[in-house]
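This briefing is intended for a reader who is meeting the structure for the first time. Please keep the sequence and the model at hand while reading.

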Amino acid sequence: MSSSFQAPKGVNEYVPPRADLLQAIRHAFAEQARLAGYGYLELAVFEDTTLFKRGVGESTDVVSKEMYTFEDRGGRSLTLRPEFTAGVLRAVLEHNLHKRGGLPVKIWTTGPAFRAEQPQAGRYRQFYQLDLEAIGTEDPQVDAETIAIAWNWYRSLGLTRVRLLLNSLGCKECRPAYRARLQEFLRGLDLDEPTRQRIEINPLRVLDDKRPEVRAQLEGAPLMADHLCADCKAHHDRVRALLSDLGITWEDTPTLVRGLDYYTRTTYEFDHPLLGAQSGIGGGGRYDGLSEDIGGPELPGIGFGLGLDRTILALEAEGAAFAAPPRCQVFGVAIGDEAERRVFGLVNELRRAGIAADMAFGGKRLKGAMKDADRSGARYAVILGERDIAAGSAQLKDLGGGDQAAVPLDEIVTTLRERLSSR
Ligand code: HAM
């Protein structure tokens, strides 16, 4: 019987073995980040509410509708992070990481984020992201580097169907004129009242409208790509040339706007065709004005957030072979008190040698312990009884093939290491 409590609605919890998979894909990402020189940051889970209002933007759905905001005992307004970028930049500035040496500051972090969205498959109120940011340079090579890191990670997981959608949202020089032009176009359409209001507050978001009747009217809308200033165009062309050099394929997507206000220039999304409505498995882009928006110096940046929940769904949808490392490779089975003492020691020795090992607990007899061994997923069982101890050996049983042979006790660890590594 379960308790009378359940996790709150929309909280995506993971239990083994899926949680082991989550952890393994995080490890795979940690490796990609390390190889590219990104340091790890353990970030605050809640922040001053104003950070998100100013950083992410009051007109965004994330800030206006989806934040978990509360007052603490000291009367401060705090918010559970709905995303990482604003907090990462806040932390970089607070700890003066941008003054410690060369720029960019390269940093990554991971953990839960919180948005009060209507839960459905792939959309949760507590979900998990990997977030990576390069702060302090406008160099387009860094834009391409971030994309390549995510790309390499998806490949390392065995995902083959991820699509990269790419766009440029311009900068504070060219976007205002484009925005005005887009507004003029949108005001002439037949749209409902909330959409009309959106035209005045955040017209670019209208381009993202998925309703067919709106989509039909958007044909012929002016696109940012056709209104980039010379610098933004050169930047965008360079990013695309670099991606080509790296063999990364993308789809130019001039209607890609993303839901957060801080984006400038390069913006991108990773999309998975098998995931239905929630197909955005990751997204990112430049935020060259964000530092100033939150009271910092001029410090351009770029990064991405990759959704771990949707990545797991994508792995499952593709049937990708990526798996968590085994939690048990060798299972110890003891018959009798002295054997149990020895097996307990042997299991510890195996673990020290880097072999995942476990044993039956609770004084089980041979039959029950062998059942546990089968259930554990171990490749081998080490069985030890009184007679084996007297002979100075243990029985090594291949749980896959069934073969069993006596191995001298002092050779067990090396024998298992060899057998397991040759597989
Ligand atoms: P975002 O597109 O809002 O960007 O989120 C990034 C990814 O998080 C999405 O592509 C999606 O996979 C996942 N995600 C978002 N909301 C949910 C949800 N409710 N349930 C499950 N997964 C979700 C950002 O958060 C930016 N901070 C990314 C960034 C970093 N841009 C620059 N640096």
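The points below move from the whole protein to its charged pairs, its surface and its backbone.

The model is predicted: local features need pLDDT of at least 70, side-chain atom pairs count only at pLDDT 80 or more, and totals for chains, interfaces and linings use all residues. Residues are numbered from 1 along each chain as its sequence is written, and side-chain values use heavy atoms, with hydrogens and water left out.

**Overall architecture**

- The protein contains 16 helices and 16 strands; these are DSSP runs numbered from the N terminus, with helices (H or I) of at least four residues and strands (E) of at least two.
- Along the principal axes, the C-alpha atoms fill a box of roughly 90 × 55 × 45 Å.
- Of the 423 residues in the protein, 50% are buried, where buried means under 20% relative accessible area, exposed over 50%, and partly exposed in between, with a 1.4 Å probe and protein chains only.
- Among contacts (heavy atoms within 4.5 Å) between residues at least 6 apart in sequence, 71% join residues at least 24 apart.

**Charges and salt bridges**

- There are 54 positive and 60 negative side chains, and the centres of the two sets lie 3 Å apart. Lys and Arg count as positive and Asp and Glu as negative, while His and the chain ends are not counted; each charge is placed at NZ of Lys, CZ of Arg, CG of Asp or CD of Glu.
- A search of the whole structure finds 28 salt bridges, each defined as a side-chain nitrogen of Lys or Arg within 4 Å of a carboxyl oxygen of Asp or Glu.
- D209 and R211 form one of these salt bridges, at 2.8 Å from N to O. D209 is buried, at 8% relative accessibility, whereas R211 is partly exposed, with a relative accessible area of 29%.
- Another salt bridge, at 2.9 Å from N to O, brings together the side chains of R258 and E269. This pair links distant parts of the chain, with R258 in the loop between strand 8 (251-252) and strand 9 and E269 in strand 9, eleven residues apart. Both R258 and E269 are buried.
- R379 and D398 meet in a salt bridge of 3.2 Å, N to O. R379 lies in the loop between helix 14 (366-375) and strand 14 (380-384) and D398 in strand 15 (residues 393-398), so the pair ties together parts that are 19 residues apart in sequence. R379 is partly exposed, with a relative accessible area of 23%, while D398 is buried, at 13%.

- R265 is found in strand 9 (residues 264-271) and is buried, with a relative accessible area of 10%.
- R265 has no salt bridge, and the nearest side chain of opposite charge, E138, is 4.0 Å away.
- Not counting residues up to four places away in sequence, the residues that R265 touches include E138, D231, H235, R286 and D288.

**Surface**

- The protein exposes about 21,000 Å², of which carbon and sulfur atoms supply 49%. Accessible areas come from the Shrake-Rupley method with a 1.4 Å probe; for residues, only the protein chains shown count as cover.
- V45, F46 and F70 make a nonpolar surface patch of about 250 Å². Patches are made of residues with over 30% relative accessible area and no salt bridge, joining like charges within 9 Å and nonpolar side chains (Val, Leu, Ile, Met, Phe, Trp, Tyr) within 5 Å.
- F70, in strand 3 (residues 69-71), is partly exposed at 33% relative accessibility.

**Backbone features**

- Most residues other than glycine have a negative phi, and most peptide bonds are trans.
- R258 has a positive phi of about 70 degrees although it is not a glycine, and R265 likewise has a positive phi, of about 45 degrees.
- The peptide bond from P16 to P17 is cis, with omega near 5 degrees; P17 lies in the segment before helix 1 (18-35).
- L103 and P104 are also joined by a cis peptide bond, with omega about 5 degrees; P104 is located in the loop between helix 4 (85-94) and strand 5 (105-114).
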